[in-house]
Amino acid sequence: MLECLFGEGHIKRLLLTCLLFFSIQSVVVADDHPVMISGGRIPFVFDPDQPGPYNQIVDLMRAGLDRPVEIEFFPITRAMRQMADDNYDCFAMALKHSPNWARLGMDANQYIFVGPVAWLKINLYTLPGQLVPEGHDEDFLVAADGTIADLKTVFEDHWSNHEMTATASFVEAFDLLVEGRVHGVLAYDVDVQSLAADHPLQGKFVQSHITVAELEDGMMCKSTSGMLPVILGLQENLDKIAADGTLDQILNPH
């Protein structure tokens with residue numbers, strides 16, 4: 001995702017607090033308008049109709065803040081465009097150092113990354129017994145949701161040049177695999193772990209030994225004086241649930 005403007009841990013929080021102190025000198029009336037998050041729908045992970053662990057995490061991050069924080073969900077690519085079009089205050093869930101934002105014409109210096117919620121691995125998944133070519137092989141067909149396909153420049157080795165079938169969701173990518181239309185799927189480990197135990201895809205694919213990328217995820221918000229109190233509150237709440245073990249319990253329930 002985008003590069004964070006500040007340091008990590010307590011240094012980051014200290015600098016955010018200092019910025020907040022100086023910025024509020026010019027704020028006469030507190031802004032009580034809702035902070036609007038553009039949420040990228042990921043079934044069983046972060047979705048209003050098929051909720052998952054990230055729904056819980058974002059709810060805990062926004063709990064108790066002085067300003068209300070509301071989420072509107074869109075297909076994930078559209079959700080990013082909503083942020084790029086300046087219609088929303090934050091985007092979730094966002095990747096740190098992602099090339100997607102530069103491609104949309106956004107300036108990293110205008111945003112702050114809140115996180116990390118997790119370190120994500122983009123793994124290759126196949127059908128049981130499927131052999132994976134060691135070199136670049138155009139005959140080995142791969143599917144991935146559109147956001148992963150757009151991240152190819154950060155992939156390791158030949159995977160950055162591999163042709164991929166882009167799908168609307170990681171579930172649709174796995175459907176193609178099970179139907180025999182592709183040989184592999186690139187998907188985030190947290191997405192795959194979020195599938196319910198009784199989901200029809202369970203048991204029909206396996207994880208290979210290949211990880212093509214590791215990335216931090218979290219939330220990205222506009223770096224404005226009005227948003228700084230919200231950003232600080234979101235980060236503090238995330239740090240609290242990380243410190244007391246709640247975050248790990250949500251992401252790794254078994």
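1. What pLDDT does the protein chain average, and what share of the residues score at least 70? The average is 86, and 87% of the residues score at least 70. pLDDT is the predictor's confidence in each residue, from 0 to 100. This is a predicted model, so local features need pLDDT of at least 70, side-chain atom pairs count only at pLDDT 80 or more, and totals for chains, interfaces and linings use all residues. Residues are numbered from 1 along each chain as its sequence is written, and side-chain values use heavy atoms, with hydrogens and water left out.

2. Confidence by element. Helix α1 (residues 9–23) has the lowest mean pLDDT among the elements, 53. Helix α8 has the highest, 98. Residues 1–6 fall below 50, yet this stretch has 32 contacts in the model beyond near neighbours in sequence. Contact means heavy atoms within 4.5 Å. Residues 22–30 are also below 50, with 2 such contacts. Helices (H or I, at least four residues) and strands (E, at least two) are DSSP runs, numbered from the N terminus.

3. The sheet. It is open, with 8 strands in the order β2-β1-β3-β8-β4-β7-β5-β6 and mixed pairing. Two strands pair if DSSP finds at least two bridges between them. The edges are β2 (69–75) and β6 (164–167), each pairing on one side only. On average, neighbouring strands are turned by 30° against each other, direction ignored. Axes are lines fitted to C-alpha atoms, for helices over the stretch in contact; angles run from 0 to 180 degrees between N-to-C directions.

4. Helices on the sheet. Helix α6 (residues 170–178) packs on the sheet and touches β4, β5 (142–145), β6 and β7 (184–188). Its direction makes about 160° with that of β7. Helix α8 also packs on the sheet, touching β1, β2, β4 and β8, at about 50° to the direction of β4.

5. Strand β3 (residues 90–95). Here 6 of 6 residues are buried, where buried means under 20% relative accessible area, exposed over 50%, and partly exposed in between (1.4 Å probe, protein chains only). Strand β3 pairs with β1 (residues 35–41) in the parallel sense over 3 bridges. With β8 (residues 206–222) it runs antiparallel, joined by 5 bridges. Ala 92 stands opposite Gly 39, and its bridge partner in β8 is Met 219. Ala 94 stands opposite Gly 218 in β8.

6. Leaving out residues up to four places away in sequence, Leu 186 touches residues including Ile 122, Leu 124, Val 142, Phe 155 and Val 212.

7. Burial in α6. Its buried residues are Phe 170, Val 171, Ala 173, Phe 174, Leu 176 and Leu 177. Their cover includes β4, β5, β6, β7 and α7 (189–193). Just after α6, Gly 180 takes a positive phi of about 80°.

8. Is Asn 237 buried or exposed? Asn 237 counts as buried because its relative accessibility is 13%. The residue lies in α8 (residues 228–243). Beyond neighbours within four places in sequence, Asn 237 is in contact with Leu 60, Met 61, Arg 62, Ala 63 and Leu 65.
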